[in-house]
Amino acid sequence: MGAFSIWHWVIVLLLIGVPVFFAVRSAAKPSRNPEALVGFGGWLMLLAIGQALSPLRTLADFANSADGYQQLMTLSNGPLAVYGEVALNLAFLALQLVVLVSMLRRSHRFPQLFLFQWVAIPVVFILDTIWIVSILGVPVNQVLAGDALVAPIASFVGAGIWVAYVYKSVRVRNTFIRTNASEQIASAS
């Protein structure tokens, strides 16, 4: 078990560390023509792919939870626990879709919405945990047993890296902020 967890963390560090290394290295190199960095290319393309897949991942999590939901439905207050958790997850799915649409429309609100989505990861997890603990009357350590914290922490860290990219990237600034400002000026003329 100990060796597996060490390898697990090595893999996680590689999956996070290698892209971060290259992102920092490429960000350190000044572009010859920063105005040319517009649109979905480079690291922004990877972010766009991830954002497009994130609602699908949430839906897959729903599908994987179906058996657990069926078991909870037989418990006292189980239906209430399931409906509350489903409502929280549907709200997060709606947020992911709003962020995706704002990204695809190249809205100037995308960076703020992406930040909000990042903050929502631990908020939804904490609210869900409080909901389950209070409705079912089980101890917190039972709800957080096993590797229940691994996925939310990994999602939060990974999304945090992308949030930093969104707020530092010239391409993001040109695609979502400068493009919209120049379009607004052109349409006002």
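Residues 24 or more positions apart account for 74% of the contacts in the protein with a separation of 6 or more. A contact here means heavy atoms within 4.5 Å. The model is predicted: local features need pLDDT of at least 70, side-chain atom pairs count only at pLDDT 80 or more, and totals for chains, interfaces and linings use all residues. Residues are numbered from 1 along each chain as its sequence is written, and side-chain values use heavy atoms, with hydrogens and water left out.

The protein has seven helices and zero strands. Along the sequence the pattern reads α-α-α-α-α-α-α. Helices (H or I, at least four residues) and strands (E, at least two) are DSSP runs, numbered from the N terminus.

Now the surface. The protein exposes about 12000 Å², and carbon and sulfur atoms supply 71% of that area. Accessible areas come from the Shrake-Rupley method with a 1.4 Å probe; for residues, only the protein chains shown count as cover. Of the 189 residues, 29% are buried. Buried means under 20% relative accessible area, exposed means over 50%, and partly exposed lies in between (1.4 Å probe, protein chains only).

The largest nonpolar core holds 19 residues, and L47, F110, F114 and V166 touch the most other members. Such a core is a set of buried Ala, Val, Leu, Ile, Met, Phe, Trp, Tyr and Cys residues joined through side-chain atoms within 4.5 Å. Helix 2 (42-73), helix 3, helix 4, helix 6 (150-168) and helix 7 (170-188) each give two or more residues to this core. V166 touches L47, F110, P111, F114 and V172, not counting residues up to four places away in sequence.

How do the helices pack? Two packed helices are described by the angle between their axes and the distance between the axes. Axes are lines fitted to C-alpha atoms, for helices over the stretch in contact, and angles run from 0 to 180 degrees between N-to-C directions. Helix 3 (residues 78-104) and helix 4 (residues 110-136) pack at about 175 degrees, with axes 10 Å apart. That makes helix 3 roughly antiparallel to helix 4. The residues of their contact divide into 20 nonpolar, six polar and two charged. Ala, Val, Leu, Ile, Met, Phe, Trp, Tyr, Cys and Pro count as nonpolar, Asp, Glu, Lys and Arg as charged, and the others, Gly among them, as polar.

Helix 2 and helix 4 have axes that come within 14 Å and cross at roughly 10 degrees. The two helices are therefore roughly parallel to each other. Angles under 35 degrees count as roughly parallel, over 145 as roughly antiparallel, 65 to 115 as roughly perpendicular and the rest as oblique. L47, Q51 and L72 of helix 2 meet F110, F114, Q117 and L136 of helix 4. This contact has five nonpolar residues, two polar and no charged.

Look at P55 in helix 2. P55 is buried, with a relative accessible area of 6%. Leaving aside neighbours within four places in sequence, P55 is in contact with L93, Q96 and L97. L97 sits in helix 3 and is partly exposed at 40%. L97 and A52 are 45 residues apart in sequence and 8.4 Å apart in space, C-alpha to C-alpha.

Two loops remain. N77 lies between helix 2 and helix 3, with a positive phi near 65 degrees. R106 lies between helix 3 and helix 4, with a positive phi of about 55 degrees. N77 is partly exposed at 42% relative accessibility, and R106 is partly exposed at 29%.
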